[in-house]
Amino acid sequence: MSHAPLRRLGVPFLAAVMIAATLAACSGPAQEPSSDAATYTRPDPTRSPSPSASATEVEKPERPAAMEKKDAEGAAAAAEYFVELYPYVMRTGDVAEWLSMAHRTCESCSDMITQAVEIKSAKAHAAGGQTSLNVLDEYPRDASTGIYPMDVVIAQGAFQITDGKGNPVLDSDPSNVQRRMEMGRVDGSWVVVEIAPIPDGD
Amino acid sequence: MISLLVVTVLSQSFDTSDWDNLAGNTGNASVTVSVSHENRHQDGRARGASDPSDVVYWRHSQGMCRLVDLDDAGLATSCADDTELRGRDLDCAADEYELDALYAADRDPATGELGRPRLLEPSRCIAPSDLAAAAAREFARLPIQPSPLHVQPPDGWSLINIETITYTDDQPQTFDTELLGVPVTLRATPAEFTWDYDDHSPAVTTTDPGGEYPDHTVSHTYTRPGTATIGLTTTWSGQFQITGLPAWTPVPGEATTATTADLITIHDARSRLVEDSLPTG
């Protein structure tokens, strides 16, 4: 098995599928990076994972009580919780919470779930990627869908993935990305309807 | 990404010709819709059979039907199972606008409840050429601000045998509106200026708005003393741009505006010999 390419992604959060594909086919040719990839470099065999990539167990974030609210505060709490699950889900492959919170329209959610599943199935290891969310703007509830849209900034720490043999697959720097999140409710629980770039002009 | 403006209720009166042009003859072209989408779920008051809100129209994309399972989605009535399954938005060309599907439902005059919605028109791609006729009609109704008219000398008088300077500006004016449900920006651009100097001389037409002294390019020389009211007729050409798309499309036809300056007196300035020295300073 050859070494999988080391990818340095400017936007590891949401840039999930291609990493999963790399893990799934790590003996094959490298997949070209998507437009989200800031830089793309060959693996550096002399480089070892940074201390933040240690195998420290990641605790599952606590579900905030504010998620019980049906209003904008509840929507923001649910969005924050979903995002903060990132390192836990990637580390453990426990996607149950994400599956319950990802609406079928949320392609970004599907991509991240796929990535977590692929990491686990490939016996790879994810580390770092502590993620936090701050709401930049909240928009009025959409009367016809009940959706609460909001613009958020997602801050993520350095994030690493290594394959089953310890070879680096991804080593990303800390990043901040702005996204439009749309939160709705299904059967009384919050779901993520979409996470996408903020449209131009908004 | 899911569009957030999911349901657009047509809150304006339909223009019959617009309606026929876009959606074909539905037989409801004269109906005036005045209730909001939210109201149609909350307003259960009975209405008379002649009430113009007996038919409610609204739009949303077919792709939005994938949100039908949201607790508060008001889409269930217009997202039948088959619509939901094929709930896929169109892949319009770069210069086209995706116009959401149009639905209508009858309101029971006795109960105020809406009946089963019907799909009047599926989502479709709208090219600028589809909006040309509507754009022309809207352009003719635009409240274009008449061009300013400046005269120099500026104090209500001028002299024969010297240039009386006139000028305006050529700034375009823009208006945000909708054509057949499509958000657009209409732009009126001065194309020609016709100057009437009110002295029985032929009107002068320029594409140049002129300028103020000493950079003036449009002027008139009166040959007789008297009074005059200078008039300016501006001919405007139109363009429209579908919101979010880069291209500007010409609007057929033109519009005109008229401006009149204040009355000026044309003096005959003659040389005169005087006995005393002219005052200085």
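Tutor: Start at B:Thr257. Leaving out residues up to four places away in sequence, B:Thr257 touches B:Ile144, B:Pro146, B:Ser147, B:Thr234 and B:Trp236. Contact here means C-beta atoms, placed from the backbone, within 7 Å. The model is predicted: local features need pLDDT of at least 70 and side-chain atom pairs pLDDT 80 or more, while totals for chains, interfaces and linings use all residues. Residues are numbered from 1 along each chain as its sequence is written, and chains are lettered from A and ligands numbered from 1 in the order in which they are written.

B:Thr257 belongs to strand S16 (residues 249-260) of chain B. Helices (H or I, at least four residues) and strands (E, at least two) are DSSP runs numbered from the N terminus. B:Thr257 counts as partly exposed, because 18 other C-beta atoms lie within 10 Å. The cut-offs are 20 or more for buried, 12 or fewer for exposed, and partly exposed in between. B:Phe193 is 64 residues away along the chain, yet its C-alpha atom is 9.8 Å from that of B:Thr257.

Stay in chain B. Three of its strands make an open, mixed sheet in the order S8-S17-S14. Strands S8 (157-159) and S14 (226-228) are at the edges with a single partner strand each, so one side of each has no neighbour in the sheet. Neighbouring strands here are turned by 30° against each other on average, direction ignored. S8(B) pairs with S17(B) (residues 264-267) in the parallel sense, over three bridges. Pairing requires at least two DSSP bridges. One bridge joins B:Ser158 to B:Ile266.

Next comes helix H4 (residues 132-141) of chain B. Its residues B:Ala134, B:Ala135, B:Glu138 and B:Phe139 are buried. They sit on the same side of H4(B), because they cover an arc of only 135° around the axis. That arc is taken from the directions from the helix axis to the C-beta atoms.

Now cross to chain A. Chain A has five helices and nine strands. Of its 202 residues, 44% are buried.

The largest nonpolar core has 47 residues. A core is a set of buried Ala, Val, Leu, Ile, Met, Phe, Trp, Tyr and Cys residues joined through C-beta atoms within 7 Å. Residues with the most contacts inside it include A:Ala75, A:Trp98 and A:Val192. Helix H2 (residues 72-84) of chain A gives the most, with seven residues. Among the residues that A:Val192 touches are A:Phe82, A:Met101, A:Cys109 and A:Met183. Apart from this core lies another, of 14 residues, including B:Leu99 and B:Leu186.

A:Cys109 is also one of the buried residues of helix H5(A), as are A:Met112 and A:Ile119. H5(A) (residues 107-121) has 15 residues and should span 21 Å at 1.5 Å a residue, which agrees with the 21 Å between its end C-alpha atoms. The expected span is 1.5 Å times one less than the number of residues. After H5(A) comes A:Lys123, with a positive phi near 55°.

Finish at A:Arg180, in strand S8 (residues 175-186) of chain A. A:Arg180 is buried, because 21 other C-beta atoms lie within 10 Å. Its contacts beyond four places in sequence are A:Pro149, A:Asp151, A:Ala196, A:Ile198 and A:Pro199. The C-alpha atom of A:Ile195, 15 residues away along the chain, is 5.7 Å from that of A:Arg180.

How values were computed. Axes are lines fitted to C-alpha atoms, for helices over the stretch in contact, and angles run from 0 to 180 degrees between N-to-C directions. Two residues are in contact if their C-beta atoms, placed from the backbone, lie within 7 Å.
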